[in-house]
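The sequence and model come first.

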Amino acid sequence: MGKIEGIKIQNYGVLKDIVLGKTRTKQTEKALGNLIAIIGPSGNGKSTLADAFGFIADCLEMGVEAACDANNRGGFEKLISQGAAEPISFELYYRESRNTRPITYELEIDLDKTGRPYVKSERLRQRVGQYGWPRSFMYLQEGNGYAFEGNDDEAGQNDDGSIIGEKKEVQLSDLRRLGIVTIGAMKQYNRIEKFLDFLKSWYLCYFSPDAARRIQTAAPQPYLDRIGSNINNVAQYMYRENKKDFEKILQEIQSKLPNIEKIEPKKFENGQMMLRFYEKGFAEPFYSQRMSDGTLKLFAYYLLLHEKNPRQLVFIEEPENGLYHHYLGELAEEMKREAGSGFSKQLFITTHSPFFVNALGPDDVWVLMKDAEGYSTIKRASEFDFVKELAEEGVPVGDMWYSKYFESMEV
Ligand SMILES: Nc1ncnc2c1ncn2[C@@H]1O[C@H](COP(=O)(O)OP(=O)(O)OP(=O)(O)O)[C@@H](O)[C@H]1O
Ligand SMILES: [Mg+2]
């Protein structure tokens, strides 16, 4: 359980200094909702924003040096905003549930004296009381600092140095690895472990129909991988574990793709696994290799939206690619419905599709623009005065965007 109420990104490519939602220092801002759609012309930083989430996930998995090189990032020097004098930094404002107090995670990545990327500083704080000042329960600078053991959410160090709870001095030997990974692996640091689990459950979706066409060995798997190459296995899992939801997905797919009568996983004698699609008018089923890109994609999204234990943060880039435009409004509505309003699932979507955006409200949509220096700025659509006025007249946000209203705005 958990979601981010806000994120601040600094010096990450074209995102020199952006904030979405509520953060530790922007307490009066509205928290992020459960569906966040990001729009803006080409080059304004949508993919960079998606990649910032991917970068954090990669830092967790492979360490900061390898993360700078992964995913065609080209290394730290290419990644950091041109002209930046400060490190790449992130602030996540996280909340586990309605009844827990928010946690702030701050991370700074810089080059060391030998020119290698390293974790310059990392800090976790949790607010005390309803409006209290936060206490740090982990703070590491150049690998040195402290962490607090246990589950007590009051424990931590105040800014004046006074402490509550079990403080332990910490010294890390590997500055390429995140402290939360090293410390969170130890059972006694329960709060850090829990936060780490939240970050580990992020999913960045780069679905590729070609990958989905690969033949796989039969083995039920609960989660789609980044490119969707195990779609057959995920379908097999849901078919076995959660038949009701599987039926529901099929019904939804059928309502959009009236030619598809049935989809079912088929296990072959040699242990391989494929999906069979029964199409109207044909006696024999087709296998996933022969299905259209859009059909596979839609099926993958519906599997993703109906995961049994959903991953808590899902980022999808341009879901509209390869999909018939008439499906997009319904897909957006389905995503909004599945994201709900609780703390179990949050969806971030970048999109170029006004049809998709039309199904969303002005609070769900964020607009990336460029400032005079060429860096990105971001603003919630509902914060533009013209949006308020037009929305009251019933004009959907996608139409405003298509009509270039946002582009004529000063940043
Ligand atoms: N280190 C950097 N500092 C500043 N700007 C950078 C840096 N690296 C890349 N850029 C710029 O960031 C932009 C990247 O844009 P991005 O790919 O995020 O856009 P997008 O909104 O996804 O566009 P599209 O709609 O075409 O997918 C490019 O214009 C590129 O010139
Ligand atoms: Mg892009």
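The points below are grouped by topic.

This is a predicted model, in which local features need pLDDT of at least 70, side-chain atom pairs count only at pLDDT 80 or more, and totals for chains, interfaces and linings use all residues. Residues are numbered from 1 along each chain as its sequence is written, while chains are lettered from A and ligands numbered from 1 in the order in which they are written.

**Helix H1**
- Helix H1 covers residues 46-62; helices are DSSP runs of H or I with at least four residues, numbered from the N terminus.
- Of the 17 residues in H1, 13 are buried (20 or more other C-beta atoms within 10 Å of the residue's own, with C-beta atoms placed from the backbone; exposed is 12 or fewer, partly exposed in between).

**Ligand 1**
- The shell around ligand 1 holds 14 residues, the closest being Val14, Ser42, Gly43, Lys46 and Ser47; the criterion is a backbone-placed C-beta atom within 6 Å.
- H1 supplies three residues, the largest share of this shell.

**Lys256**
- Lys256 lies in helix H8 (residues 243-256).
- Lys256 is partly exposed because 18 other C-beta atoms lie within 10 Å.
- Beyond neighbours within four places in sequence, Lys256 is in contact with Leu298, Tyr327 and Glu330 (backbone-placed C-beta atoms within 7 Å).
- Tyr206 is 50 residues from Lys256 along the chain, with 22 Å between their C-alpha atoms.

Terms used
Helix = DSSP H or I, 4+ residues; strand = E, 2+ residues; numbered from the N terminus. Contact = placed C-beta atoms within 7 Å. Expected span 1.5 Å × (residues − 1).
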